[in-house]
Amino acid sequence: MKTAIVYYSHHHGNTKKLLDAIALQNEVTLIDATSTNKVDLSEYDRIGFASGIYYTNFAKQVISYARDYLPEGKEVFYLYTSGAKDGDFLKGIRQVVNEKNSIELGEYHCQGFDTFGPFKLVGGIAKGHPTNQEIEGAVAFYRNL
């Protein structure tokens, strides 16, 4: 199955750590949502969207990419990291995916080291994340899709 993962991983590169581990063991195309070279997603069977969480949502760059380039009816999945353990982080990307009549295959979330805004004052939260176990969890999630 031909798979692409559209991602944005800027703050500490937490999400990219998950994707690099997946790409090392599987044949996937990683697409940086900020790249000026837009990729035709229609040639892919499955499309992942991956992001750190910014203000309780996926990065706007990933949401915009999905809105502009996700073809109708594709199988999609989500990978994301956040400083917080829980939250409704998929609302923005899920809205776009639903508008495109796509089929959701699942999601993988783990914590990621976060020093954004006020967290910087206390040295950050979720220090040491993602752990090796969490990274391997992302790889296992992908394999089980």
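A polar atom of the side chain of S51 lies 2.9 Å from the backbone nitrogen of A59; a polar contact is a pair of N or O atoms within 3.5 Å, where within protein one must be able to donate a hydrogen and the other to accept it, and residues adjacent in sequence count only if both atoms are side-chain atoms. The model is predicted, so that local features need pLDDT of at least 70 and side-chain atom pairs count only at pLDDT 80 or more, while totals for chains, interfaces and linings use all residues. Residues are numbered from 1 along each chain as its sequence is written, and side-chain values use heavy atoms, with hydrogens and water left out.

S51 belongs to strand 3, residues 46-54; helices (H or I, at least four residues) and strands (E, at least two) are DSSP runs numbered from the N terminus. With a relative accessible area of 0%, S51 is buried; buried means under 20% relative accessible area, exposed over 50%, and partly exposed in between, for a 1.4 Å probe and protein chains only. Leaving aside neighbours within four places in sequence, S51 is in contact with Y8, T15, F58, A59, V62, L79, Y80 and T81, contact meaning heavy atoms within 4.5 Å.

Y55 is not a glycine, yet has a positive phi of about 55°. Y55 is found in the loop between strand 3 and strand 4 (57-58), and its relative accessibility of 70% counts as exposed. N101, likewise not a glycine, has a positive phi of about 55°. This residue lies in the loop between helix 3 (91-99) and strand 6 (103-111), and is exposed at 52% relative accessibility.

The discussion now turns to the helices. In helix 2 (residues 60-69), the buried residues are V62, I63, Y65 and A66. They cover an arc of only 160° around the axis, and therefore lie on the same side of helix 2; the arc is that of the directions from the helix axis to the C-beta atoms. K60 and D68 are exposed on the other side of helix 2. The buried residues of helix 2 pack against strand 1 (3-8), strand 2 (29-32), strand 3, strand 4 and helix 3.

Two packed helices are described by the angle between their axes and the distance between the axes. The axes of helix 2 and helix 3 come within 9 Å and cross at roughly 5°; axes are lines fitted to C-alpha atoms, for helices over the stretch in contact, and angles run from 0 to 180 degrees between N-to-C directions. Helix 2 and helix 3 are therefore roughly parallel to each other, a description that applies to angles under 35 degrees. The contact is made by V62, I63, A66 and R67 of helix 2 together with G92, I93 and V96 of helix 3.

In helix 1 (residues 14-25), the buried residues are N14, T15, L18, L19, A21 and I22. They line one face of the helix, because they fall within an arc of 160° when seen down the axis of helix 1. The buried residues of helix 1 pack against strand 1, strand 2, strand 3, strand 5 (75-82), strand 6 and helix 4. E136 is found in helix 4, residues 132-143, and is partly exposed with a relative accessible area of 42%. E136 and A21 are 115 residues apart in sequence, and their C-alpha atoms are 7.6 Å apart in space.

Definitions and conventions
Angles under 35 degrees count as roughly parallel, over 145 as roughly antiparallel, 65 to 115 as roughly perpendicular and the rest as oblique.
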